[in-house]
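Let's take a walk through a protein together. Have a look at the sequence and the model, and keep them in view as you read.

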Amino acid sequence: MDGIDAALIETNGTPDHLRALGHDSIQYDPAFTTLLKAAEYTVRKYQGDWNTAVTAYPTDVIAYLRDCLGVPEADLSMRYAQLSDYLKRNALSDSDRFVSMTAVIQHSTQLHAGLIKRLLDKMGMTASDVAVVGYHGQTLFHQPDRGISIIVGDGKSLSKTVQITVVNDFRRQDVEAGGQGAPFAPLYHQALAVRDNKIPLSVVNCGGISNITLIPSANPNDLIGFDTGPGNALLDQLVKQRTQGQESLDKDGQYGSQGHVDNAVLSALYEQALDKDGQNYFLKSPPKSLDYGDLKLIPALSDLSLPDACRTLSAFTADSIVRSLDLINTNFKAPTHWILAGGGWKNPVIQEEFEKRLTDKLGPKTQILSADDIGWSSQYMEAEIFAYLAVRCLNQQPISFPGTTRVPLPLSGGTIYSTA
């Protein structure tokens with residue numbers, strides 16, 4: 001929820017024709033990040049009851065500021081007014097209720113449209129040069145075992161604004177068929193590995209949540225992919241809480257690099273930080289997926305200094321990725337070549353903790369490279385993924401598989417909005 005990445009690719013939806021052409025990104029105003037996080041808080045509070053959440057959102061923003069960011073009572077009115085002013089300036093069609101879910105969704109869609117246009121200008125292209133936009137939208141609540149996945153963004157409005165066919169709502173069909181609706185990255189990871197002759201390969205994407213892709217062959221039915229646990233979500237949450245929302249992340253590991261891992265708290269995190277549907281997530285067999293709201297900061301972290309808490313959470317992210325290999329069929333041998341993708345690896349503390357733990361587990365021949373090291377884009381890979389999946393949706397090709405989302409059979413998906 002810190003911004004938007006856009007990527008332009010040329011593909012027919014197979015590894016045989018797949019080429020990255022360009023990319024661009026924008027950072028959100030901190031006020032808009034706060035509004036999105038408050039929306040997530042509200043939807044989670046009402047357990048995916050969308051209508052109730054929409055009604056409650058204008059007042060729940062105050063609760064989010066107070067209860068999640070720790071804003072003092074005396075400052076709540078001022079902070080709320082700042083958020084209202086931001087939406088008043090940027091979501092003009094909702095001018096009667098400035099802090100509303102409708103205005104937040106509208107503004108999010110506007111920002112996506114603006115970035116698409118900016119990227120095309122940067123590339124010297126026009127809308128007529130582009131066949132389709134893959135528009136993931138903003139996830140607010142994801143509980144596939146209950147058949148709920150709430151991802152906001154107006155695909156129809158985006159298509160009309162940019163005058164390009166849009167595919168969104170990627171996860172609904174998978175969830176309705178009994179799948180986890182995530183992760184969707186493995187198919188694209190495999191396409192890159194096939195294209196570049198890098199099989200067998202392991203890919204770890206570290207964003208808010210971490211997911212792993214194990215690629216033993218070029219057959220999509222052999223893919224193994226699942227969410228391993230936290231990426232930088234808990235770390236971000238801790239920093240926001242300790243700084244009352246003035247800082248949103250442990251930038252460049254500035255806090256964690258000064259701290260030490262508290263092993264007692266690390267053990268407590270495994271026991272308490274991730275309870276999903278009444279079960280400890282770390283004991284569940286893959287395929288499996290997470291929602292940001294499944295992750296919880298535990299009370300024991302309050303006893304640690306900010307540097308020690310950040311270091312311990314960084315180790316938790318790294319260690320949970322490595323431990324996840326123990327959940328896979330014992331006959332499966334994990335590839336020793338690993339690629340790291342996603343913004344979470346910008347935190348050098350997470351990467352340091354991961355490399356040490358993985359090498360200890362798999363041995364000194366383990367090779368760990370960043371996506372950028374091999375000519376892939378770490379920052380823009382997520383955007384490329386949904387561009388690639390959008391083309392496959394247009395072609396009615398599968399985008400999820402039993403080994404990646406636990407869907408019963410390979411399945412396509414997405415809702416298509418044409419400009420006609």
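Where does Pro-200 lie, and between which helix and which strand? Find residue 200 and you'll land in a loop, with helix H7 (185-195) on one side and strand S7 (201-206) on the other. Keep in mind that you're looking at a predicted model.

So what does Pro-200 touch, once residues up to four places away in sequence are left out? The list is Ile-215, Pro-216, Pro-335 and His-337.

Now zoom out to the whole chain. The protein has 13 helices and 14 strands. Its radius of gyration is 21 Å, close to the 22 Å that the globule rule gives for 420 residues, so the protein is as compact as a globular protein of that length.

What about the inside and the outside? Of the 420 residues, 56% are buried. The accessible surface comes to about 17,700 Å², and carbon and sulfur atoms own 48% of it. Charges are part of the picture too: there are 36 positive and 47 negative side chains, and the centres of these two sets lie 2 Å apart. Then there's the folding back of the chain: among contacts with a separation of 6 or more, 69% are between residues 24 or more positions apart.

Is Ser-210 buried or exposed? Ser-210 is buried, since its relative accessible area is 0% and the cut-off for buried is under 20%. You'll find Ser-210 in strand S8 (residues 209-215). Its side chain has a polar atom 3.1 Å from the backbone oxygen of Pro-230. Pro-230 is also one of the residues that Ser-210 touches, along with others including Phe-226, Thr-317 and Ile-321.

Ser-378, by contrast, is in a loop, the one between strand S13 (367-370) and helix H12 (381-394). Ser-378 still counts as buried, because its relative accessibility of 12% is under 20%. Its neighbours beyond four places in sequence are Leu-340, Ala-341, Gly-342, Ala-371 and Asp-372. The backbone nitrogen of Gly-342 lies 3.0 Å from a polar atom of the Ser-378 side chain.

Which residues does a cis peptide bond with an omega of about -5° join? That bond links Ala-182 and Pro-183, and Pro-183 belongs to the loop between helix H6 (172-176) and H7. Another cis peptide bond, with omega about 0°, joins Pro-286 and Pro-287. Look for Pro-287 in the loop between strand S11 (279-280) and helix H10 (306-323).

Asp-252 has a phi of about 55° and lies in the loop between helix H8 (233-242) and helix H9 (263-272). Asp-252 counts as exposed, because 51% relative accessibility is over the 50% cut-off. For Arg-406, phi is near 70°, and the residue lies in the loop between helix H13 (402-405) and strand S14 (415-417). At 38% relative accessibility, Arg-406 counts as partly exposed.

Notes:
Residues numbered from 1 in each chain as written. Predicted model: local features only at pLDDT ≥ 70, side-chain atom pairs only at ≥ 80, totals over all residues. Heavy atoms only, no water. Helix = DSSP H or I, 4+ residues; strand = E, 2+ residues; numbered from the N terminus. Rg over C-alpha atoms; globule rule 2.2 N^0.38 Å. Buried < 20%, exposed > 50% of the residue type's maximum accessible area, 1.4 Å probe, protein only. Contact = heavy atoms within 4.5 Å. Areas by Shrake-Rupley, 256 points an atom, 1.4 Å probe, with all protein chains shown as cover. Lys, Arg positive; Asp, Glu negative; His and termini not counted. Charge placed at Lys NZ, Arg CZ, Asp CG, Glu CD. Polar contact = N/O pair within 3.5 Å; in protein donor to acceptor, adjacent residues only side chain to side chain.
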